[in-house]
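Biologist: I am new to this one, so please show me the structure, and then let me ask how the terms are applied.

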Amino acid sequence: MSAVYEGALQDLVEELGKLPGIGPKSAQRLAFHILQSESADVSTLAQALTEVKKRVRFCDICGNVSEETECTVCQDPRRDRSMICVVEEPKDVVAIERTREYRGLYHVLGGAIDPMAGVGPDNLRIKELMSRLQNGEVKECVIATDPNLEGEATATYLVRLLNSLGVTVTRLASGLPVGGDLEYADEVTLGRAFSGRREMD
Ligand SMILES: [Zn+2]
């Protein structure tokens with residue numbers, strides 16, 4: 001169905017079709033858009049793709065995206081080091097930063113517990129979180145996983161684990177769109193969920 005073109009054009013359609021959320025029709029539309037674009041624009045796009053892989057890595061401490069060994073949040077001396085907000089993906093950090101409600105640090109798990117997809121606690125950066133909590137500097141952990149089944153399972157697991165360490169564990173208040181990603185919540189809703197977070201035990 002998708003193998004209609006030949007050579008370079010077909011290669012591009014196939015590569016674009018591998019991207020998440022891009023079906024054969026969208027891949028075709030994007031390929032023709034690129035084909036009809038100015039050469040300079042296409043070069044800029046190609047360079048952006050290469051550069052992101054070359055320059056961007058994950059923060060050694062929190063797992064957020066970074067162009068250095070430590071991300072800008074971890075490096076910022078003004079951040080409150082007594083709080084860690086636990087999220088699934090780097091894009092959730094961006095969503096929470098937009099609310100301007102939170103001044104603590106982050107910990108990016110790299111996903112959520114999802115037995116159907118073969119993702120267990122060992123596949124997430126939970127060990128790294130535990131070691132960050134060892135020195136006693138962190139007083140509160142805010143669990144901000146997605147408001148869906150996998151996010152809830154991950155939150156339940158973490159609450160049990162972190163409570164045993166004597167850290168105060170809080171969870172974002174309800175009111176977030178259920179079943180979705182954190183990033184889909186608007187700033188006001190997410191900000192409210194943050195300030196209304198409740199203690200879990
Ligand atoms: Zn970091």
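Biologist: Why is Lys54 called exposed?

Modeller: This is a predicted model, in which local features need pLDDT of at least 70 and side-chain atom pairs count only at pLDDT 80 or more, while totals for chains, interfaces and linings use all residues. Residues are numbered from 1 along each chain as its sequence is written, and side-chain values use heavy atoms, with hydrogens and water left out. Buried means under 20% relative accessible area, exposed over 50%, and partly exposed in between (1.4 Å probe, protein chains only). Lys54 has a relative accessibility of 60%, and therefore counts as exposed.

Biologist: What makes the contact of Lys54 with Glu51 a salt bridge?

Modeller: The term requires a side-chain nitrogen of Lys or Arg within 4 Å of a carboxyl oxygen of Asp or Glu. The closest N and O atoms of Lys54 and Glu51 are 3.1 Å apart, and the pair forms a salt bridge. Glu51 has a relative accessible area of 22%, so this residue is partly exposed.

Biologist: Why is Arg79 called buried?

Modeller: The relative accessibility of Arg79 is 6%, so Arg79 counts as buried. The side chains of Arg79 and Glu97 meet in a salt bridge, at 2.9 Å from N to O. Glu97, at 28% relative accessibility, counts as partly exposed.

Biologist: Is Arg171 buried or exposed, and why?

Modeller: Arg171 has 7% relative accessibility and therefore counts as buried. Its side chain meets that of Glu152 in a salt bridge of 2.7 Å, N to O.
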